[in-house]
Amino acid sequence: MKLLRLLVFLSLAAAAPALAGNNTSTLPTGTFVLDAAYFDTTTTVRFDDSRTARPLMEGLQRYEPGGGLQGSITANPYVKYQLFVPQLMYGATDDLTLVVAMPTVVHTSIKPHLGWTPGDYQNNLGRPYSDSDFWQWAQSMGQGKPGDFSGNNWTPADMVLGLRYNLSKLKFFEEKGLRAAVSAQVAIPTGTPADPENLVAAGTTVWDLNNYGDAEIHFALEKPFKWDDFTRLNFGIDLHYGYFAKHTYQSPTGAREPLLMTFAPYIGPTYTIDPGDQFGATVLVEGMPWIGPTWSTWLNQHDTSKSAQWPALLTLTASLKYAHLDQSTWKSQSALWDWDKNKLWLPGDKNTVRLALDVSLMRLGLPLQIYGAYLTQELIPGRNSRATDVLMAGGRLILKFW
């Protein structure tokens, strides 16, 4: 039953806080962007070492004390995170953009969908244990049947500080007609860990969300293609490395769930998890099928030539992100407990397909961009990883005061 605790550590795929536009864009000097997005994420399957989709939790066998098999607890968990991610970006120079993001978990819900498979014939009952028989037996020792989790209402996750520096003006990239940039970000531990005493629980830290590291660095390279002196197509690649620091957690004492969560006497008062680092690449293609009209407005000071290179009215993006996941390492005072955990978090990978659209209203006189995206990790099976589907929608307001 202790495996259900892994629900705390589901690998969600909500897009990490990022700068507006493609992977090499920076803001003009003195320009602010207020960005706000809503993410709706669900996780229901995991991929094993052979890339086969399975429920998030395997069946768990329970035995009579010193006796036969009572039965197996089954589960088909459903996990849902809703997040609101506001960001503030600032163009310190034309080539350097600074960003601060404050992800907030609007709500988290987990439905474990527990079931029961009967075990051996029990002489004292004249039949095998039923589901109700087992939980009545557990209740007699203070262990109730775990229910749904609902919480983290408007709870901050780990804040992110980042920057992007444009390298496109370097001679090599200019000669090749390439755009390039390097980005970096760090997470500030403002999130809340899961309650260690509850079997079904979730937190809001980097580890719980598992979509951005304690520190990350990216190198992006893009090749734009122009028609009529306007970029209509853009191909890009983004190489990334994410560092995940070792974290220390409180061991469950069994104060609320004595049969299922009494670990502290065996593993010690605390244990550590080194989640392993991530690295990989994202390939993308952007198309601008509709540049749209360019109106004479206050935004371009009634001179349409000033907005000739402003974003197209409609931009469509498709990308594929591959991320390699290093081995996770658990350490406590119990080598056996550590091994039980470590073997579930072997090296693996996950593949994220992203489809997005971006509507820019700048050419119409409004400093506003509206965007939406769908991300899935189920389309291309990963390995030793959890798969998540994400729907997101947001907007960007462009401001300049001087």
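User: Which residue stands opposite Ala53 in β2?

Analyst: Phe47 stands opposite Ala53 in β2. Before we go on, residues are numbered from 1 along each chain as its sequence is written, and side-chain values use heavy atoms, with hydrogens and water left out. This is a predicted model, in which local features need pLDDT of at least 70 and side-chain atom pairs count only at pLDDT 80 or more, while totals for chains, interfaces and linings use all residues.

User: What joins β1 to β2, and which way do they run?

Analyst: Strand β1 and strand β2 (residues 53-55) run antiparallel and are joined by three bridges. Two strands pair if DSSP finds at least two bridges between them; helices (H or I, at least four residues) and strands (E, at least two) are DSSP runs, numbered from the N terminus. The hairpin of β1 and β2 has five residues between the strands, and there Arg51 takes a positive phi near 65°.

User: Which other strands does β1 pair with?

Analyst: β1 pairs with strand β24 (residues 385-400) in the antiparallel sense over 16 bridges, and Thr42 has Asp389 as its bridge partner in β24. Twelve bridges join β1 to strand β5 (residues 78-91), again running antiparallel, with Leu88 in β5 as the bridge partner of Leu34.

User: Is β1 buried or exposed, mostly?

Analyst: Of the 17 residues of β1 (residues 31-47), 13 are buried, so the strand is largely enclosed by the rest of the structure. Buried means under 20% relative accessible area, exposed means over 50%, and partly exposed lies in between (1.4 Å probe, protein chains only).

User: New topic: how many salt bridges are there?

Analyst: The count comes to 15 salt bridges, where a salt bridge is a side-chain nitrogen of Lys or Arg within 4 Å of a carboxyl oxygen of Asp or Glu. Side chains of opposite charge can pair when their charged atoms come close. One of these pairs is Arg54 with Asp48, whose closest N and O atoms are 2.6 Å apart; Arg54 is partly exposed, at 34% relative accessibility, whereas Asp48 is buried, at 12%.

User: Which helix holds both Glu175 and Lys171?

Analyst: Glu175 and Lys171 both lie in helix α2 (residues 171-176), where they are four residues apart, about one turn of the helix. They form a salt bridge with the closest N and O atoms 3.9 Å apart. Both ends are exposed, since Glu175 has a relative accessible area of 57% and Lys171 one of 62%.

User: Which pair links distant parts of the chain?

Analyst: Arg256 forms a salt bridge with Asp195, and their closest N and O atoms are 2.8 Å apart. Elsewhere, salt bridges that share partners join Asp49, Arg51, Asp349 and Arg383 into one network.

User: What is the strand order in the open sheet?

Analyst: The three strands of this open sheet follow the order β3-β4-β8, and their pairing is antiparallel. β3 (60-63) and β8 (114-118) stand at the edges, each with a single partner strand, so one side of each is left without a neighbour in the sheet. Four bridges join β3 to strand β4 (residues 69-75), and in β4 the bridge partner of Gln61 is Ser72.

User: Last one: where is Leu320, and how exposed is Leu320?

Analyst: Leu320 sits in strand β20 (residues 314-325) and is partly exposed, with a relative accessible area of 33%.
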